[in-house]
Amino acid sequence: VQLQASGGGLVQPGGSLRLSCAASGSIFSINRMGWYRQAPGKQRELVARVLDGGSTNYADSVKGRFTLSRDNAKNTVYLQMNSLKSEDTAVYYCNAYLRRGAGIGYEDYWGKGTQVTVSS
């Protein structure tokens, strides 16, 4: 199983970026999928995730600015980030909690991080 993330970069405060993450490989079902981030000197934190039933969870700090969507057919999630702030600067990691077969338990998978820098 691989998680391929894309879409990071440098943006000015108030700008927007869109991150994408596609899961590929032997995937039987995905329980939840989303994004975490880690800023220098800080612990990794949840940004947003979508659950199997379609509900989403957001960190309080991004509510109203970030929107997570999911394309089930493509095993892909998209994080639209608007009104970006300097404090959003971090490495963003895609995460999926999935199982590879009917008889296999759920496991966490992580993509390589993508840098998001918000600076003027």
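**Pocket lining, core and disulfide**

The lining of the largest pocket divides into 5 nonpolar residues, 3 polar and 1 charged. This is a predicted model. The pocket in question has a volume of about 160 Å³. Its lining consists of Val 1, Gln 2, Leu 3, Gln 4, Ala 5, Tyr 109, Trp 110, Gly 111 and Lys 112. Two elements, strand 1 and strand 10 (107-110), each give two or more residues to that lining. Strand 1 gives the most, with 4 residues.

The largest nonpolar core has 30 residues. Met 33, Trp 35, Leu 79, Met 81 and Tyr 92 have the most contacts inside this core. At least two residues each come from strand 1 (2-6), strand 3 (17-24), strand 4 (29-38), strand 5 (45-51), strand 7 (66-71), strand 8 (76-81), strand 9 (90-99) and strand 11 (114-118). Strand 9 gives the most to the core, with 5 residues.

Next comes the covalent link. A search of the whole structure finds 1 disulfide. Cys 21 and Cys 94 form it, with their sulfur atoms 1.9 Å apart. Cys 21 sits in strand 3 and Cys 94 in strand 9, so the pair ties together parts that are 73 residues apart in sequence. The torsion about the S-S bond is about -85 degrees, so this disulfide is left-handed.

Are the two cysteines buried or exposed? The cut-off for buried is under 20% relative accessible area. Cys 21 has a relative accessible area of 1%, so Cys 21 is buried. Cys 94 has 0% relative accessibility and therefore also counts as buried.

Methods. Residues numbered from 1 in each chain as written. Predicted model: local features only at pLDDT ≥ 70, side-chain atom pairs only at ≥ 80, totals over all residues. Heavy atoms only, no water. Core = buried A, V, L, I, M, F, W, Y, C linked by side-chain atoms within 4.5 Å. Buried < 20%, exposed > 50% of the residue type's maximum accessible area, 1.4 Å probe, protein only. Disulfide = S-S within 2.5 Å. 1 Å grid on protein atoms, 1.4 Å probe; cavity = no way out; pocket = protein on both sides within 12 Å on 5 of 7 lines; lining within 4 Å. Points joined across faces, edges and corners; volume = space filled by probe spheres on them. Nonpolar A, V, L, I, M, F, W, Y, C, P; charged D, E, K, R; others polar.
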